Structures are given as C-alpha cells and as structure tokens.
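Please read them with the structure open.

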Amino acid sequence: MKTIDLNCDMGESFGAYKIGDDKAMLPLITTANIACGFHAGDPVVMRDTILAAKAQGVAIGAHPSFMDLYGFGRRRISGERPEDLEAQIIYQIAAIQGMAAALGWPITHVKTHGSLGNMAAEDAELAAVCVRAVKMVDPSLAFITLPYSETMKAAEKAGLRIACEIYADRTYTDAGTLTSRQVDGAVIHDPQQSVDQVLSMVRDGMIPTTGGKKLPVEAATLCVHGDTPGAVTMAGALRGALQREGIQISPFALTTPSSRI
C-alpha cells in the first residue's frame with residue numbers, strides 16, 4: 001500500500017496578527033512545520049501550536065527561515081556570512097526543539113521556509129549551511145527537501161534522513177524546481193487541478209511540469225499551504241482523493257526508519 005504524509009506550515013501568526021486557520025487544518029494533516037519566530041510565530045504561538053498538534057496526534061518539526069518578519073521570509077536575502085546564517089538556523093531549531101520537549105511532543109524534522117528553502121535548493125553552499133545546522137542540533141532529525149535540489153544532495157552527503165517533498169498548490173518547471181511566485185500560474189487555486197497533480201505525483205510517481213514533461217519522483221510528504229485562500233477546502237479535497245485511491249495517510253517520520261524516507 002502506498003503511503004503519503006500531509007504536511008502544512010503552521011504557527012505563522014504573530015502577536016495580534018493571525019495567519020492561516022490552523023485549528024481547521026490540523027485534523028486534515030499528519031505533520032506540522034512550526035514557525036520559529038524569524039519569519040512568523042512567537043513563543044505563545046509556538047506553544048499553542050505544539051499543544052494543538054499534540055492533541056490531534058500530528059507530528060511536528062522546525063520551520064526556520066531568514067530573519068525576515070517584515071517580508072514573511074519570502075524576500076531573497078544575500079550577503080550573510082555562512083557561519084552567521086548557520087547560527088541563525090541553529091537558534092531557530094533549538095528554540096522549537098526546547099519548547100516541544102518541555103511540552104512532551106518532540107520535533108521529528110526540519111523544513112526550511114520560503115526564500116531560504118528556495119535559494120538553498122539552487123545554491124550548493126547555502127544548502128550545505130542548512131544541512132550542517134540541522135546536523136549540529138540533532139542528526140537524528142529528518143530533513144524535508146525538494147526533489148532535484150541541492151538540499152537533497154547535501155542532506156544525502158551528510159547522512160541525514162530525507163523526506164522528499166512535493167507540493168499540492170505549486171506548479172513545477174521542466175528542471176523539477178518550483179515555478180517562481182513571480183510567474184503567473186505558479187500557485188494553483190483550482191482544487192481539481194491540485195488533485196490531478198497530486199495523484200500524478202503520489203499514485204503514478206511523476207511530476208507534471210509547465211513544459212509538458214513528466215519527471216520521476218518518490219514522494220514521502222505532500223505540502224499544503226495553510227495561508228492561501230481556500231487552503232482548508234483544498235486540503236480536504238486532497239485527503240479525500242488520496243484515500244479513495246487507497247493511499248494511506250500517515251506521518252513519515254513515525255513510519256519509516258530508512259535513510260531516505
């Protein structure tokens with residue numbers, strides 16, 4: 001039986017500002033990537049999100065980013081010394097790891113957020129920085145990463161467990177990378193288009209690209225964004241479609257001990 005994890009970026013509210021409907025999304029997913037305070041989130045939001053995930057039996061992980069509250073971590077930042085960026089990532093992972101341990105629901109993985117993740121997927125040096133930070137904090141943590149990416153290569157080289165991630169609401173280029181958000185059609189809003197793409201990737205093992213290609217993929221986890229319009233409706237449609245195909249929905253980190261999940 002084929003198995004897939006459903007992950008969602010969560011805990012992205014901050015102070016008086018609310019982003020996403022985490023309460024409605026949690027029953028639909030199996031893994032939550034929780035903001036660590038640099039692009040979103042704060043100690044109270046982190047605590048409440050961890051406790052809500054624990055109550056639903058949802059696995060959790062760190063979701064570190066560039067230090068970019070103003071731009072929600074989606075601005076491309078350059079010029080940081082590698083060792084300084086490494087320290088920032090370590091700080092974020094350690095923060096959520098400490099909070100989670102105190103609340104009795106330990107983290108299982110790390111997934112980089114926004115521009116940090118997108119840039120590292122293309123830049124071998126930045127990918128190595130991200131991977132070193134994860135390994136220095138806890139080498140037992142899984143690393144969620146995109147297929148055909150520098151981060152996947154770096155994580156494999158470092159011996160980290162890897163969860164190959166696909167996206168339900170983003171289109172792909174012929175190189176297997178996510179289409180830039182600056183390009184029309186990069187974000188999928190039509191639930192049926194999203195379902196068709198996901199079934200192609202999970203059931204058939206093929207990524208459909210904007211250029212008409214089909215790229216092989218072995219997906220372990222499927223991301224649904226919680227901050228896009230209609231996110232909860234789309235997540236429900238995806239979960240139902242996968243289950244109708246006989247695909248089991250379960251947290252990747254709790255089911256597969258191999259080096260590549």
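1. Ser 200 first. Ser 200 is buried: its relative accessible area is 8%, and the cut-off for buried is under 20%. This is a predicted model, so that value is computed from predicted coordinates. The residue lies in helix α7, which covers residues 191-202. Beyond its neighbours within four places in sequence, Ser 200 is in contact with Gly 205, Met 206, Pro 208 and Lys 214.

2. Pro 208, one of those partners. Pro 208 sits in strand β7, residues 206-208. Residues up to four places away in sequence aside, Pro 208 touches Tyr 172, Gln 197, Ser 200, Met 201, Lys 213 and Lys 214. For a sense of distance, take Pro 82: Pro 208 and Pro 82 are 126 residues apart in sequence, and their C-alpha atoms are 34 Å apart in space.

3. The main core. Which residues touch the most other members of the largest nonpolar core? They are Ile 29 and Leu 242, in a core of 69 residues. Helix α5 (residues 124-137) gives the most to this core, with 7 residues. A second, separate core has 5 residues, among them Ala 142, Ile 144, Ala 220 and Phe 252.

4. Leu 242 in detail. Not counting residues up to four places away in sequence, Leu 242 touches Ile 4, Leu 6, Val 198, Leu 199, Val 202, Leu 222, Ile 247 and Ile 249. Val 198, Leu 199 and Val 202 fall within the 191-202 range of helix α7. Ser 200 belongs to that helix too.

5. Helices α3 and α5. The two axes come within 9 Å and cross at roughly 40 degrees. The pair is therefore oblique, since 35 degrees is the limit under which angles count as roughly parallel. The crossing of α3 and α5 is right-handed. From α3 the contact uses Pro 82, Leu 85, Glu 86, Ile 89, Ile 90, Ile 93 and Gln 97. From α5 it uses Glu 125, Leu 126, Val 129, Cys 130, Arg 132, Ala 133, Val 134, Met 136 and Val 137. By class, the contact of α3 with α5 has 12 nonpolar, 1 polar and 3 charged residues.

6. Helices α4 and α5. How do the axes of α4 (residues 114-122) and α5 cross, and at what angle? They come within 6 Å and cross at roughly 120 degrees. This makes α4 oblique to α5. The crossing of α4 and α5 is left-handed. Leu 116, Met 119, Ala 120 and Glu 122 of α4 meet Ala 124, Leu 126, Ala 127 and Cys 130 of α5. The residues of this contact divide into 7 nonpolar, no polar and 1 charged.

7. Helices α2 and α3. The axes of α2 (residues 43-56) and α3 (residues 82-102) come within 10 Å and cross at roughly 50 degrees. That angle makes α2 oblique to α3. Their crossing is right-handed. Pro 43, Met 46, Arg 47 and Ile 50 of α2 make the contact with Ala 95, Ile 96, Met 99 and Ala 100 of α3. By class, the contact of α2 with α3 has 7 nonpolar, no polar and 1 charged residues.

Terms used:
Residues are numbered from 1 along each chain as its sequence is written. This is a predicted model: local features need pLDDT of at least 70, side-chain atom pairs count only at pLDDT 80 or more; totals for chains, interfaces and linings use all residues. Side-chain values use heavy atoms; hydrogens and water are left out. A nonpolar core is a set of buried Ala, Val, Leu, Ile, Met, Phe, Trp, Tyr and Cys residues joined through side-chain atoms within 4.5 Å. Buried means under 20% relative accessible area, exposed over 50%, partly exposed in between (1.4 Å probe, protein chains only). Helices (H or I, at least four residues) and strands (E, at least two) are DSSP runs, numbered from the N terminus. Contact means heavy atoms within 4.5 Å. Axes are lines fitted to C-alpha atoms, for helices over the stretch in contact, and angles run from 0 to 180 degrees between N-to-C directions. Angles under 35 degrees count as roughly parallel, over 145 as roughly antiparallel, 65 to 115 as roughly perpendicular and the rest as oblique. A crossing is left-handed if the near helix is turned anticlockwise from the far one by less than a right angle, and right-handed if clockwise. Ala, Val, Leu, Ile, Met, Phe, Trp, Tyr, Cys and Pro count as nonpolar, Asp, Glu, Lys and Arg as charged, and the others, Gly among them, as polar.
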